[in-house]
Amino acid sequence: MIGGLSVSESAIEVLSLINYTHTSFFHGGSSVLRGSVAVIAPRRKKQKIIATRSALSDGGAGAVLDKEFDFEPSFGDYLKAMESVKTDRDNNNNNNSNSNSNNNNSKSGNNTSRKQRIVKKNVREEEEKGADVATSARRESRKGVVSNNGAFIREGSRKGDFRDDGVSLEKFKKQDKKLKAYTVKKSVSRESEFMDMERAAFKSLDYEGVIDKPRVSKVDMDERILKLAKCLNGADIDIPEWKFSEMMRSAQIRFSDHSTLRIVQILGKLGNWRRVLQVIEWIQARERYKSHRIRHVYTAALDALGKARRPVEALNLFHRMLDQMASYPDMVAYHCIAVTLGQAGHIKELFDVIDIMRSPPKKKFKTEFLEKWDPRLEPDVIVYNSVLNACVRREKWEGAFWVLQQLGQQGQHPSSTTYGLVMEVMLACGKYNLVHDFFKKVQKSYIPNALIYKVLVNTLWKEGKTNEAIMAVEEMENRGIVGNAGLYYDLARCLCSAGRCHEALKQIDKMCKVANKPLVVTYTGLIQACLESCDIESGAYIFNHMKKFCSPNLVTCNIMLKGFLDNGMFEEAKHLFIMLLENSNSIKHEEDYKVKVIPDIYSFNTMLDACAIEKKWEDLEFVYEQMLRYGHHFNGKRHLRMILDARRAGKEELLEMTWKHLVETGRDPPPLIVTEMFCVRLEQGDCAAALSYLVNFAYVESQVFSRKSWSKVLVENAHRFEEHALDEVVREGNILLAGNENLAVRHLIESCKEFQRAKRSSTEVEVGRIFQTEAALV
């Protein structure tokens with residue numbers, strides 16, 4: 001007994017405190033964990049004290065007690081305990097509400113602090129008792145002997161002195177077994193709960209999760225991308241933003257650099273450059289979209305804008321690429337923008353792009369991992385050829401020599417393609433002698449290709465050297481060079497211009513072997529060349545000849561219609577126009593439009609102008625009526641003058657037809673039509689109908705209804721009206737003004753009165769002159 005408390009009971013109390021502290025782990029948070037550390041160290045000291053006390057009491061039992069109460073937890077038990085602590089803490093945080101959690105935290109905090117104070121107090125008492133036991137043990141060890149098993153044996157000891165202690169030790173063993181069983185059961189339950197939570201956290205990897213669903217194949221993803229691109233291409237360009245977002249999200253596509261690039265490429269092939277820019281803006285506005293190769297997407301967009309011939313939009317996109325390091329242009333991007341600007345003829349902007357290539361970025365970029373990053377590049381042959389293309393469009397022969405100079409400074413020899421473009425620049429500038437000089441240079445270094453011979457043929461055509469052009473093509477064929485379609489097409493046009501259409505038709509056979517364009521386009525170009533040289537007979541021959549191989553399209557028919565009329569062949573033009581009208585009667589299905597051709601508004605306007613020039617009013621009325629019948633509308637700038645001329649020629653049906661058409665379509669009639677309809681009704685003696693045109697359709701803002709204009713109309717058309725027609729207009733007009741004010745009618749009445757006064761005065765003067773003449777004769 002130590003201070004009225006046996007060793008077994010004190011040990012049991014300390015272990016119970018340890019057990020109490022372990023149960024408080026699950027409610028006390030981090031502060032309890034710090035308290036547990038303070039308890040573990042005295043516990044080990046207590047074990048040594050118990051072992052020493054047992055050795056003093058009984059020599060044989062001391063060794064047994066020392067081994068039995070030497071409690072050393074394993075590392076696995078420690079991990080299990082810590083996992084159970086973490087699991088319970090997470091469960092408490094998730095299950096408790098905000099209000100309950102605040103109350104529980106306050107209560108647990110108070111309980112924890114109270115428990116810690118009790119534990120610290122008991123630990124201090126046990127340390128003091130342990131110190132007394134150790135002191136007495138040292139004193140007794142001087143009098144005792146050591147047994148064979150190493151335990152201390154006290155002299156004069158008696159059996160039964162520790163009988164009560166044995167009973168306490170038995171209780172301690174039972175308590176220790178219960179503690180171990182409870183700890184193992186608790187750890188197993190905590191481990192099972194932890195495994196359940198872990199399994200729930202990775203539920204998506206279970207049988208009903210991602211593993212169970214099949215992965216989308218590359219073919220299916222490409223089909224989705226293609227479907228989305230077609231839907232975007234077919235949608236209205238003014239589609240709302242929310243509708244556009246819905247279409248993009250409903251495609252079930254993960255928008256990465258690859259998918260975005262494919263969408264931009266497909267839309268670029270379809271020619272929908274507006275949708276390309278819209279897709280890029282929408283993608284970049286998404287916060288979840290992280291691009292690693294945005295430069296490739298921008299480059300594809302530049303290529304799409306270049307194919308659509310949109311140099312301004314391409315240049316704006318190019319400048320946007322300069323704002324980021326990830327999208328800063330590379331050589332491929334420079335090629336795209338250079339080709340686009342060169343085809344459009346923007347020389348100044350193209351030189352600016354070259355300066356950007358050679359200069360460091362104007363914007364400071366963070367190059368922490370790429371310290372030696374240098375985006376500066378030197379223009380290559382593709383960029384210089386783009387400059388030559390721009391010089392062809394702008395007819396700047398100085399740019400060709402600048403390109404040759406730059407290539408010489410870089411130590412590069414111009415290629416045959418570069419020489420061909422230089423020759424094309426000289427041809428566009430009219431410097432034919434330089435074309436021949438560069439052709440000789442090409443022959444010294446290369447074998448001229450079809451592009452160079454094409455430029456040479458065009459040069460000989462401009463010079464009027466048709467035979468030399470034929471010889472140049474024959475020389476090319478003898479060298480084994482296969483000419484392209486453009487070469488044979490230009491040679492055929494050269495022959496047509498010279499009036500040698502039969503030889504030109506022979507070139508079509510060679511053209512068909514390498515041509516991709518349809519035959520109708522080739523024949524149309526030959527007809528146009530014949531008409532430009534005022535050879536209408538050759539053009540008509542080719543037009544009739546092409547019907548054996550292909551059907552003329554609307555463009556071909558309009559060219560021939562215009563050619564007939566320009567060369568004074570009105571009857572041939574009329575026959576062709578009637579044939580076009582008859583085609584509409586034989587069209588019954590949509591497929592017939594591929595074979596049959598019907599006239600368009602250009603065809604009608606061409607015939608109307610010819611009829612007005614020839615003053616064939618009957619034909620003019622027929623063509624005009626057919627134009628309205630085919631759904632085309634009246635154009636005041638083009639048709640008004642010929643309608644008024646036809647009315648003066650006695651064809652009032654055109655005026656009536658136009659008025660009816662304007663009323664049916666709900667359009668406001670021109671003021672001259674209103675004035676002419678007034679004169680027609682007044683000439684017919686219907687004064688009320690004539691004034692109704694002014695009341696319903698006359699606009700005061702128009703100068704046509706001013707007093708000066710009415711006076712001019714009355715003077716020009718006085719011979720058409722009856723003697724008392726203007727008096728009736730004045731009387732009916734005053735009645736209308738009494739009910740409603742109308743400035744157009746008032747101006748008309750004042751002009752009528754002034755015209756009548758002038759007419760009476762002139763009559764009186766004429767009568768007086770007659771009397772004077774008769775008196776002089778008498």
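I began with Lys465, which is partly exposed, with a relative accessible area of 36%. The model is predicted. I looked up the partner of Lys465 and found a salt bridge with Glu463, the closest N and O atoms being 3.5 Å apart. Glu463 also counts as partly exposed, at 26% relative accessibility.

Next I checked the salt bridge between Glu750 and Arg707, where the closest N and O atoms lie 3.3 Å apart. This pair links distant parts of the chain. Glu750 sits in helix α36 (residues 743-777) and Arg707 in helix α34 (residues 707-716), 43 residues apart. Glu750 is partly exposed at 28%. Arg707 is partly exposed at 40%.

Then I turned to Lys454. Its salt bridge is with Asp490, the closest N and O atoms being 3.1 Å apart. Here helix α20 (residues 450-462) holds Lys454 and helix α22 (residues 485-497) holds Asp490, 36 residues apart. Is Asp490 buried or exposed? Asp490 counts as buried, because its relative accessibility is 7% and the cut-off for buried is under 20%. Lys454 is partly exposed at 25%.

I noted the total: 23 salt bridges. I also found a network of salt bridges that links Arg647, Glu676, Glu683 and Arg720.

Last, I looked at a helix pair. The axes of α31 (residues 653-665) and α32 (residues 671-683) come within 11 Å and cross at roughly 125°. That makes α31 oblique to α32. The crossing is left-handed. From α31, Leu655, Glu656 and Trp659 meet residues of α32, among them Ile673, Glu676 and Arg681. By class, I logged six nonpolar, no polar and three charged residues in this contact.

Definitions and conventions
Residues numbered from 1 in each chain as written. Predicted model: local features only at pLDDT ≥ 70, side-chain atom pairs only at ≥ 80, totals over all residues. Heavy atoms only, no water. Axes fitted to C-alpha atoms, helices over the stretch in contact; angles between N-to-C directions. Helix = DSSP H or I, 4+ residues; strand = E, 2+ residues; numbered from the N terminus. Parallel < 35°, antiparallel > 145°, perpendicular 65-115°, else oblique. Left-handed = near helix turned anticlockwise from the far one by under 90°. Contact = heavy atoms within 4.5 Å. Nonpolar A, V, L, I, M, F, W, Y, C, P; charged D, E, K, R; others polar. Salt bridge = Lys/Arg side-chain N within 4 Å of Asp/Glu carboxyl O. Buried < 20%, exposed > 50% of the residue type's maximum accessible area, 1.4 Å probe, protein only.
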